Amino acid sequence: MHHAPWFFAFIADHHRIRQASWQVDGTAESLDYTEFALMAYIDVALAAERFVCAAESAGLGVCYIGAMRNHPSEIRALLGLPEGTFSPFGLCLGYPDLDRLPSVKPRLSQKVVWFKESYDPEAGIGDYDQRMEPFYARRGLGTSWRTHSSKRISSPNLEGRETLKEFLISIGFGVR
């Protein structure tokens, strides 16, 4: 994906529904509730996942790009997005170089993420740290999932994302 020929920005969109509501009754007073922001995030994630499934079924490779959230105002300006829209992530799309496929990132075991009837807070991550150590070591990201994850949520360096809440509020996403 270092040289993917296509890039797609996925857009959380309140602009269209706001315009429709204004045309019908001149108001969109509930659109700034967190519920509608959450709906927009879910919609854009579902659309992207369907896109990924279709692309991969056609033999294409994809890579999600969350860095769109690092500078949301600049991305909005670059893409010419109207008020009430932003890009939470993008996707690189291309044909994978089968001679240079990256290693597959280990995943949590099913017993940690799949529960019957109720969530089990005691389901530990078990051997996940051990399975992640070689993966993180090859990328210089730390020694374990716990160490890497702890740094991510303990560090004040969010690469620009520390301003995301103010940005989202400024465009009407989840004020109330």
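Analyst: Happy to! Let's start with S87, which sits in strand β3. This is a predicted model, in which local features need pLDDT of at least 70 and side-chain atom pairs count only at pLDDT 80 or more, while totals for chains, interfaces and linings use all residues. Residues are numbered from 1 along each chain as its sequence is written, and side-chain values use heavy atoms, with hydrogens and water left out.

User: Why is S87 called buried?

Analyst: Buried means under 20% relative accessible area, exposed means over 50%, and partly exposed is in between (1.4 Å probe, protein chains only). S87 has 3% relative accessibility, so it counts as buried. Across the protein, buried residues make up 27% of the 176 residues.

User: Which backbone oxygens does the side chain of S87 reach, and how do you know that these are polar contacts?

Analyst: A polar contact is a pair of N or O atoms within 3.5 Å; within protein, one must be able to donate a hydrogen and the other to accept it, and residues adjacent in sequence count only if both atoms are side-chain atoms. The S87 side chain lies 2.9 Å from the backbone oxygen of F10, and one of its polar atoms is 3.1 Å from the backbone oxygen of F89. Both distances fall within the 3.5 Å limit, so they pass the distance test.

User: What else does S87 touch?

Analyst: Contact means heavy atoms within 4.5 Å. With neighbours within four places in sequence left aside, S87 contacts A9, F10, I11, M68, R69, I75 and L81.

User: What makes a group of residues a nonpolar core?

Analyst: The members are buried Ala, Val, Leu, Ile, Met, Phe, Trp, Tyr and Cys residues joined through side-chain atoms within 4.5 Å. The largest nonpolar core here has nine residues: A12, A37, A40, F86, L164, F167, L168, I171 and F173. Helices α2 and α7 each supply at least two residues of this core, and α7 gives the largest share, three residues. A second, separate core of six residues includes A48, V52, F89 and L91. In soluble globular proteins, nonpolar side chains tend to be buried together.

User: Why are E117 and K151 called exposed?

Analyst: E117 has a relative accessible area of 76%, so it is exposed. The value for K151 is 53%, and therefore K151 is exposed too. E117 is in the loop between α4 and α5, whereas K151 is in helix α6. E117 also has a positive phi, near 75 degrees, though it is a residue other than glycine.

User: What makes something a pocket, and how is its volume defined?

Analyst: On a 1 Å grid over the protein atoms alone, a pocket is an open set of points with protein on both sides within 12 Å along at least five of seven lines, where a cavity is a set in which a 1.4 Å probe fits but cannot get out; lining residues have an atom within 4 Å of a point.

User: Which residues line the largest pocket, and how do they divide by class?

Analyst: The lining has 40 residues, with C63, Y64, I65, F135 and R139 nearest the centre. The largest share, six residues, comes from α6. Ala, Val, Leu, Ile, Met, Phe, Trp, Tyr, Cys and Pro count as nonpolar, Asp, Glu, Lys and Arg as charged, and the others, Gly among them, as polar. On that basis, the lining divides into 20 nonpolar, ten polar and ten charged residues.

User: What about the second largest pocket?

Analyst: Its lining has eight nonpolar, one polar and three charged residues. The largest share, five residues, comes from α2.

Conventions. Helix = DSSP H or I, 4+ residues; strand = E, 2+ residues; numbered from the N terminus.
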